[in-house]
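Dear colleague,

Here is the structure for your files. My notes on what was found follow below it.

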Amino acid sequence: MSDPTQVLTANGIVKAFAQGSNAISVLQGISLHVAAGERVAIVGRSGSGKSTLLHLLAGLDEADAGRITISGETMTPASNEARTTLRRQYMGFVYQQHHLLPEFTALENVALPLRLNGASQHDAQAQSADLLERVGLGHRLRHIPGELSGGERQRVAVARALIHAPKLVLADEPTGNLDATSAAELMSLMVELSESRSVAFLVVTHDASMLHQFDRVLTLTDGALSEADSLG
Ligand SMILES: Nc1ncnc2c1ncn2[C@@H]1O[C@H](COP(=O)(O)OP(=O)(O)OP(=O)(O)O)[C@@H](O)[C@H]1O
Ligand SMILES: [Mg+2]
């Protein structure tokens, strides 16, 4: 049964990795719901499984057990192909190290999700130019990633994650490689876009100074998620 106010639901997510004859149990029955437009942070020690969880929620990898829905549609269990289709339709992903295509300009990188969803080159590039303008990069449309600063690259990556009007953006330590000022600017940008476009954000972060900008903070420990009592 799907609840239309929940953009993401995950129930009983289990994941282990095989290591020789051992299995490393990483996630041991994770449940998590994110409402439309909500901003949720995930914190936890290095190696606690935050990236693993984000990859499963994005359908980039498959859980051993459990059920995930995105916008009411079943992401897991589902075939690889079905997961890719859902991801392209409903989700944006921001990697820690931007993962922009090095030979594509900022404009082409941001236009790519629209092209993959069938938009014409003209429309995709026009929308991409508008959004890059909005994130303060109107003067950098034709630059390739190697010609941009770290903060500019992450702003391009955020624009790419948002260009196809996703319901949910998943971000894995998007400010991890940025100086404090660029990190704060990127966070404000995500907050502004989440509010103006009603996009939900689920963000893994190590940065305690960002946490007050989230509606909820969840901690991943020993394969389980718990909600912090306060953001203090
Ligand atoms: N493909 C894999 N094969 C085997 N073990 C893996 C694999 N991917 C992750 N792991 C293990 O799973 C655990 C969780 O990894 P994960 O990358 O999710 O941690 P994390 O919380 O994102 O850490 P960090 O904060 O350092 O990014 C780690 O112990 C890691 O070694
Ligand atoms: Mg990680």
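To start with one detail: what is the bridge partner of Ala 10 in E4? The partner is Ile 68.

Before the rest, some conventions. This is a predicted model, in which local features need pLDDT of at least 70 and side-chain atom pairs count only at pLDDT 80 or more, while totals for chains, interfaces and linings use all residues. Residues are numbered from 1 along each chain as its sequence is written, and chains are lettered from A and ligands numbered from 1 in the order in which they are written.

Overall picture

The chain has six helices and 10 strands; these are DSSP runs, of at least four residues for helices (H or I) and at least two for strands (E), numbered from the N terminus. The radius of gyration, taken over C-alpha atoms, is compared with a globule rule of 2.2 Å times the number of residues to the power 0.38. For 232 residues a compact globule would come to near 17 Å, and the chain agrees because its value is 17 Å. The C-alpha trace spans about 50 × 40 × 40 Å along its principal axes. Of the 232 residues, 40% are buried (20 or more other C-beta atoms within 10 Å of the residue's own; exposed means 12 or fewer, partly exposed in between; C-beta atoms are placed from the backbone).

Strand pairing

Two strands count as paired if DSSP finds at least two bridges between them. Gln 19 stands opposite Asn 22 in E2. The hairpin of E1 and E2 has two residues between the strands, and Gly 20 takes a positive phi near 60° there.

Around ligand 1

The shell around ligand 1 (C-beta atom, placed from the backbone, within 6 Å) includes Phe 17, Gln 19, Lys 50, Ser 51 and Thr 52. E1 (6-19), E2 (22-35) and H1 (50-57) each supply at least two residues, and H1 gives the most, with three.

Helix H2

Which residues of H2 (residues 80-90) are buried? They are Arg 83, Leu 86, Arg 87 and Tyr 90. These lie on the same side of H2, because they cover an arc of only 100° around the axis, taken from the directions from the helix axis to the C-beta atoms. They pack against E4 (65-70), E5 (73-76), E6 (91-94) and E7 (168-172), where contact means C-beta atoms, placed from the backbone, within 7 Å.

Backbone points to check by eye

- The peptide bond from Thr 76 to Pro 77 is cis, with omega near -5°; Pro 77 is in the loop between E5 and H2.
- Ser 71, in the loop between E4 and E5, has a positive phi near 50°. It counts as partly exposed because it has 19 C-beta neighbours inside 10 Å.
- Ala 165, in the loop between H5 (150-162) and E7, has a positive phi near 55°. It is partly exposed, with 14 C-beta neighbours inside 10 Å.

Regards

Terms used
Two residues are in contact if their C-beta atoms, placed from the backbone, lie within 7 Å.
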